[in-house]
Structures are given as C-alpha cells and as structure tokens.
Amino acid sequence: MYELLHDLLGDSLLVYVIGAALPLLFVLPFAVVAVLLEMKVSAHMQDRVAYMYTGWHGVLQPVADILKLLQKEDTVPAAADKFLFRLAPFLVFMGGYAGFAALPFSSAYIGSNIDLGVFYILAVSSLAVIGLMMSGWASNNKWSLFGAMRSVAQIISYEIPSALSILVAVMIVGSLNLQEVSKFQEGGIQNWIVFGGPMPLLQKLLLLPFTITAFFILFLAGIAEVNRTPFDLPEAESELVQGYNTEYSGMKFAIFYLAEFANMFLVSGIVVSLYLGGWTSPFGDVMSGPIWSFFWFVAKGMFFVFLQVWIRWTLPRLRVDQLMYTSWKVLTPFLFVCIFAVGLILVL
Amino acid sequence: MSEVRLYFNNIWMALSTAAIGMKTTIRHLFTPAVTIQYPDVKLKLPERARNRLYVNIDDCIGCDQCAMACPVDCISIETIKGTPDQDLGVTSTGQKKRLHVPVFDIDIAKCCYCGLCVYPCPTECIMMTDVYEFSEFDRHNLNYHYSRMSPGEITVAKEKLRKADEEAAAKKAAAAAAAAAKPATPPPAAGTPPKQEGGAQEQAKPNNPS
C-alpha cells in the first residue's frame with residue numbers, strides 16, 4: 001500500500017500519514033464491534049441478554065460507552081510519574097497498532113509489503129511490554145506494579161512459543177512476508193498450512209499433526225500475549241483490582257481497552273495468515289479477488305476473535321506457576337519437536 | 001504413574017476438560033436467555049403474595065384490631081364515636097358502622113409485610129395487594145392516608161359528639177340531681193375525650209394513594 005501511495009503522491013509527508021492512518025479505519029470500527037461481541041457473547045453464554053435498550057438489541061451501546069469515556073475526568077494520581085503515566089497507554093496501543101502494518105488484509109492491501117513481515121510484528125509488539133511496565137511503574141500503586149510485573153513475565157515467556165510456532169509455518173513457506181505466506185496457501189481449504197499446505201499428499205499427511213499442533217500453540221500463545229483470560233494474570237480483577245490500568249481513567253483507559261482489542265485482532269490476523277490461508281478463499285478460485293479476500297480475512301479473523309471471547313468466558317484463570325509451566329514445559333518442548341519434525345519432512 | 005505418563009496425562013486432562021467447558025458454554029450460547037426485561041415484562045406474582053397494603057375505608061369500622069396486631073406499629077387509627085342521630089351506614093358485610101375514622105394512616109416504609117393485620121379485620125377491609133412498585137423520592141409520601149373524611153366533616157363529627165356528650169352529661173347530672181335529694185353532685189368529667197384528637201385534624205387529609 002505504501003508503494004502505491006508513494007507512486008501516486010510522490011515523496012510527501014501525506015503518504016506516510018495516510019499509510020499509517022489506514023489501518024485505523026479498520027481498528028476503530030472493529031473495537032466497537034468487538035466490545036459488543038464480547039458483551040453479547042458473554043451474556044448469552046450465561047443465559048442473559050446484555051444491553052437491550054440502546055438501539056436494536058443494544059447495538060449502539062459501545063458508541064454510548066465511548067461517548068461516556070470521552071466525558072470522564074482524566075485523573076492522574078498525585079504520586080505518579082506524570083510523564084511516564086501519560087506516555088504508557090500510547091506506547092501500549094502503538095505496539096499493537098504498528099503490527100497492523102504488516103498484516104495482509106486483502107490480496108491487494110498490505111500496509112507495508114516488507115520481507116520481514118512476521119518478524120517485524122513480533123518485534124514491534126514487544127514494545128507493548130515496555131508500555132505495560134511503564135504504566136504499572138508510573139502508577140505508583142502496588143496492584144499496578146504487580147500487574148505490570150506479571151504481564152512482562154508472561155509476555156516475554158510466551159513470545160518464545162509464539163515465535164517458534166510462527167517458525168514452523170515460515171519453514172514450510174520459506175518466507176517471512178505475510179503476503180507471500182497467504183499467496184502460498186491459495187487454492188482452497190486443503191492448501192492451508194494447518195492442513196499441511198500445498199504439498200504432495202504423503203508429505204502433507206506427515207506434516208499434518210505437527211502443523212495442527214503448532215497452529216494450536218500459536219493461538220494459545222497469542223491469547224497469552226494479549227493478556228486475555230485464561231492468561232489474564234496481569235489484570236486479574238479478583239486479585240489485582242485492574243492490574244496495570246488500575247489508576248487509569250477516561251480516554252487513557254479507553255486507549256488501553258482499544259489496544260487490547262487491536263491486539264486481539266492482530267493475534268487472530270497472524271494465526272489466520274500463517275495457518276488458515278490468510279485472505280485466500282476456502283473454495284479455491286470461487287469468491288476470490290481483492291474484495292472477497294478482504295472479506296475472508298476479516299471473517300476468519302473475527303472467528304478467532306470470537307474464539308478468544310468464547311475461551312475467555314469458559315475457562316478460569318491460570319495460576320502464575322501454571323502459566324510458566326505451560327509455556328516452558330509444555331508448549332516450548334512440543335514446538336521443538338514440531339520444528340524438528342517439519343524440518344526433517346521438508347528436507348526429505 | 002510414571003513421570004512421563006503424568007506429564008502427558010496432565011496435558012490430555014487440560015485439553016479435554018477445557019473442551020468440556022467450551023462445549024457447555026457454546027450450548028448455553030444458543031439456549032434462550034432467562035432474563036426478564038423487568039420494567040417491560042413482569043413476572044406473575046404468586047397468588048398469595050404480600051405486597052402493599054390497601055384499606056377499603058368504606059368497610060372500616062374503626063375497631064383498631066389491625067393496628068394492635070401490627071408488630072411494627074405502622075398503622076395508626078383514630079376514631080370519633082358516632083352519635084345516635086348520625087347514620088354511618090353499613091359495611092359490605094352488613095355490619096353497622098358506629099365510629100368515624102378520621103385518621104387511618106399506614107406508614108408503608110415501616111411495614112414488614114407480615115400480613116398479620118389482615119387476619120383480625122372483622123370486615124376484611126384491610127388487605128395485601130400485588131402492587132410492589134411504590135418507591136418515592138420523599139419518604140413522607142410513604143405514609144399513606146386512607147381516611148376520606150375532610151377536616152370539615154371531622155369538626156362536625158367532633159362537635160356532634162361533644163354536644164351529645166354534654167347533653168348526656170347534663171342529663172346525667174339532672175338525673176343525679178333528681179334522684180338524690182342531696183344537691184351539687186359534680187357531673188362526671190368523662191365527657192371530653194375528643195379533645196385529644198385536636199392535633200390529628202390537619203393531618204387527616206382524605207388522601208388515597210392508590
């Protein structure tokens with residue numbers, strides 16, 4: 001997309017601004033929809049009905065919530081480190097949002113068609129860790145600090161399984177560019193990397209158990225990286241009030257919230273592009289094309305967002321030691337086996 | 001169980017139990033919600049539900065039994081005796097009314113909804129209804145006045161009673177004077193009970209809250 005804009009408008013500041021702001025056109029409406037989805041799904045899973053009065057079945061409630069948050073007083077604790085406190089939410093959001101640049105939304109659109117796509121996303125989303133730590137530290141509140149500590153420990157340890165499981169797909173495709181990865185999987189549902197990729201049948205069958213495992217682990221690690229239940233130790237409401245965003249109010253809190261939802265989609269987007277064919281249609285050439293591919297990407301992404309919501313309202317929170325156990329003693333060894341096996345199969 | 005088996009067993013347990021939970025929640029996602037949109041839709045109350053008290057003041061004979069039965073003293077009744085020349089009518093159960101009821105107040109904020117006042121009522125004029133939405137911004141509005149006598153009617157009733165009492169006293173005095181040769185028997189001073197009800201006059205608005 002950047003190249004196209006560059007050709008169109010020349011080397012001007014406008015190109016960068018438009019290029020950077022385009023994913024926002026998706027992220028902001030998505031956050032509104034995701035809030036509603038989360039509330040409605042959680043309510044119906046508990047046999048409730050959630051919002052019913054704002055608009056048809058309460059569909060306008062997120063808009064009302066945003067309006068309310070805009071009007072809230074923006075408080076800063078007296079003993080907080082004011083500068084870091086104000087900086088933190090933006091850094092957290094930036095970490096998630098910057099990842100959207102390398103996400104191929106459609107066969108015609110990718111923010112920046114760089115060769116290091118996935119690697120860039122992994123690197124830039126680590127920025128959020130600094131933001132979280134900053135918010136916890138600057139709040140000068142023990143719950144915030146606890147939350148921040150936990151979140152940093154968690155995200156750093158879950159980066160390893162997520163990076164390794166990305167590696168499995170990258171080994172099969174041979175490219176870090178998510179656009180290339182998506183193109184590689186074109187041709188229908190059987191060519192998706194979860195199902196072994198577009199390989200000869202025997203190789204496909206051999207790859208199948210490992211790709212499925214890696215796909216599953218990538219999704220799990222993704223949930224852990226966005227700090228959602230069952231891995232929501234950083235903001236464990238029952239233990240830590242709200243974790244690192246305890247002291248935040250108004251728009252700053254809203255930005256944390258937005259970052260969470262942006263990250264939710266980013267994680268889903270990575271999982272979808274790497275393992276579920278990205279923007280490719282599950283029916284081969286039927287319903288493909290730039291617009292259909294955008295639809296497929298968003299539909300698949302939304303399915304994984306729904307899955308995250310579903311998991312959140314089903315499973316209880318893990319203990320800290322269980323969390324670390326899962327990451328280091330279960331996911332990582334399994335992935336080593338996967339990488340070894342996939343490498344072996346690909347070489348043979 | 002060996003270490004290795006335990007390790008894989010744990011993983012299997014984690015996955016299978018999570019799957020059971022996920023199955024439960026997805027099933028509930030598609031079961032109809034049990035929520036009742038309360039102000040729009042209301043649950044039917046049980047037939048004998050006890051909620052706000054209502055007094056059919058037309059049937060009240062002022063016997064004060066409900067006020068005496070009340071464990072929290074939320075019912076206050078004042079009565080004025082009717083004189084023989086007044087016809088106060090009969091209740092729907094056919095009982096003759098002998099007392100005016102200028103004050104019949106129920107402080108519903110104090111009421112504990114025990115229903116004990118309902119049983120002793122000889123004319124079944126006090127009852128518990130199924131109305132339960134009667135919150136007020138001012139708690140004084142929760143003191144319901146059921147009497148419908150106007151201040152004028154109350155004064156008239158009192159005046160009549162006073163006159164009747166005076167006449168009776170005078171008659172008694174005369175009778176006493178006539179009966180006994182000894183003069184100057186002081187008339188019995190029991191003829192002025194309505195005086196204590198002076199303060200209740202302003203309060204007794206004919207205010208029926210339902």
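Let's start with one residue: L67(A) is partly exposed, with a relative accessible area of 47%. Partly exposed here means between the two cut-offs, buried being under 20% relative accessible area and exposed over 50%, with a 1.4 Å probe and protein chains only. L67(A) sits in helix α3 of chain A.

Before going on, a word on the basis of all this. This is a predicted model, where local features need pLDDT of at least 70 and side-chain atom pairs count only at pLDDT 80 or more, while totals for chains, interfaces and linings use all residues. Residues are numbered from 1 along each chain as its sequence is written, chains are lettered from A and ligands numbered from 1 in the order in which they are written, and side-chain values use heavy atoms, with hydrogens and water left out.

Back to L67(A), then. Together with W56(A), V59(A), L60(A), V63(A), I66(A), L70(A) and M251(A), L67(A) forms a nonpolar surface patch with about 770 Å² of accessible area. Such patches take residues with over 30% relative accessible area and no salt bridge, joining nonpolar side chains (Val, Leu, Ile, Met, Phe, Trp, Tyr) within 5 Å and like charges within 9 Å. A salt bridge is a side-chain nitrogen of Lys or Arg within 4 Å of a carboxyl oxygen of Asp or Glu. Areas come from the Shrake-Rupley method with a 1.4 Å probe, and for residues only the protein chains shown count as cover. Which helix gives the most to the patch? Helix α3 of chain A, residues 61–71, with four residues.

Now please look at chain B. Its secondary structure comes to four helices and five strands, in the order α-β-α-β-β-β-β-α-α. Helices (H or I, at least four residues) and strands (E, at least two) are DSSP runs numbered from the N terminus. Of the 210 residues of chain B, 30% count as buried.

Y113(B) is partly exposed, at a relative accessible area of 24%. Over in chain A, N140(A) also has a positive phi, near 55°, and lies in the loop between α6 (127–139) and α7 (142–173).
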